[in-house]
Amino acid sequence: MVQISEVKDSQSRERRTAAHTHIKGLGLNEHGIAKNIEGGFVGQADAREACGIIVDLIKSKKMSGKAILIAGPPATGKTALALAISQELGPKVPFCPIVGSELYSAEVKKTSALMENFRRAIGLRIKETKEVYEGEVIELTPEEAENPLGGYGKTVSHVIVGLKTAKGTKSLRLDPSIYESIQKERVTIGDVIYIEANTGAVKRVGRSDAYATEFDLEAEEYVPLPKGEVHKKKEIVQDVTLHDLDVANARPQGGQDVLSMMGQLLKPRKTEITDKLRSEVNKVVSKYIDQGVAELIPGVLFIDEVNMLDMEIFTYLNRALESSIAPIVVLASNRGLTTVRGSDDDIKAPHGCPPDLIDRLLIVRTLPYNQEEIKTIVSKRAALEGSTLTEDALNKVAKHGVTKSLRYALQLLAPAGVLSTSAGRSEITVEDIEECELLFLDSRRSIKVLEENSKFL
Ligand SMILES: Nc1ncnc2c1ncn2[C@@H]1O[C@H](COP(=O)(O)OP(=O)(O)OP(=O)(O)O)[C@@H](O)[C@H]1O
Ligand SMILES: [Mg+2]
């Protein structure tokens, strides 16, 4: 017998929450002043306002080649601030987050890895007016001819494509190579396409809305019939990063210029990207910028845990910051005075960065939270995770936030939720929190246990 079960409401789908899911932006008003609780952020007003200024500078493109350090004790929202900056900048500005230790790998030199990430953080907006043939496909007939090499097979000698716009129709006789790209884009009658006159590249824009049916089974984008003539000039805008261009150009059969590389961006096959190749790409890019075809969009490279970098990377970083096409570099560190990795004399330096780098930085400081702020952050997280706490329990967790750490306090929420559910309660109570404290040690307590037993927990 066939079983039929009811489809459950899709609203009940479980949501995953990550550490920073509740952060939605910096939460500033139109004058750049931090609202007390906004965009998921609570308190930390000075640091948020400083980040707001940085966002403005980046947007007005006055900031490239500068570096900012967000410094402060653990769990004071440094990583959260960097994420909020990227949210404020929007999706069009490249944002490349890495952790200091990511630069060490056995395959790629660490300086080369840093350069790669630099170039991921620099965008290029290419605006081009191209001569194109655009319209709805009304005819698509490959014409065959006898194979010139003899034999029984036939080859396509050319293809006839009929294009229609609101103004008229045109029939084009195209080279067989263009027929291949038409097939690759899966163009059929009724699609709106354009063909670049110079290169013969074919781009499918969407399906003509004359073909839109009421019952649409496939996700299809319907576009109106193009206005104007079939043969015309059209402005095309594309956003890429310099790294995209490096990758596209590292391909053996890569095209001759930036623009012909664009079509190949999505194919993931890598060969090595050398310094020589990068400087070639730079040359072409600066030519396009001079001609006004392209515009540079410096984005953000965020390096978390900057104390993980070593002397060699730091000197390279200094130089890279001085190049004419550098992104804004945001660093974060929770260290005070520590030794810089790879320095000879093992002298201590602030935040684990060499003094000459510190000198170039704008430093934003984050401060520890008070109990009231921690209480608000905890209740926000609890709401996000779908659990409710009694007022007493909330106060208790907040107190842990002050005496132990904010992370420990936030960490307690999920297991306390499990305890309360298994006890059949809908709210997390003080007892649940207390039980969790017994089950899960905070860092200080685990250190104490270690000291007493000297070897293991
Ligand atoms: N002001 C705030 N408002 C709301 N949530 C916050 C705030 N500050 C921190 N948080 C949250 O607290 C947690 C810890 O913050 P975060 O990871 O940003 O700290 P951090 O300063 O990067 O710490 P570390 O130095 O250990 O890397 C995160 O879940 C973060 O989203
Ligand atoms: Mg962090």
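**Cysteines, then helices**

I searched the whole structure for disulfides (a pair of cysteine sulfur atoms within 2.5 Å) and found zero. Buried means under 20% relative accessible area, exposed over 50%, and partly exposed in between, with a 1.4 Å probe and protein chains only.

Housekeeping: this is a predicted model, where local features need pLDDT of at least 70, side-chain atom pairs count only at pLDDT 80 or more, and totals for chains, interfaces and linings use all residues. Residues are numbered from 1 along each chain as its sequence is written, and side-chain values use heavy atoms, with hydrogens and water left out.

Next I checked helix H13 (residues 430-439), where Val-430, Asp-432, Ile-433, Cys-436 and Glu-437 are buried. Helices here are DSSP runs (H or I, at least four residues), as are strands (E, at least two), numbered from the N terminus. Down the axis of H13 the buried residues fall within an arc of 160 degrees, so they line one face of the helix; the arc is taken over directions from the helix axis to the C-beta atoms. Leu-438 and Leu-439 are exposed on the other side of H13.

What covers the buried residues of H13? I found that the cover includes helix H11 (391-403), helix H12 (406-422), strand E19 (427-428) and helix H14 (443-453), with contact meaning heavy atoms within 4.5 Å.

How values were computed:
Chains lettered and ligands numbered in written order.
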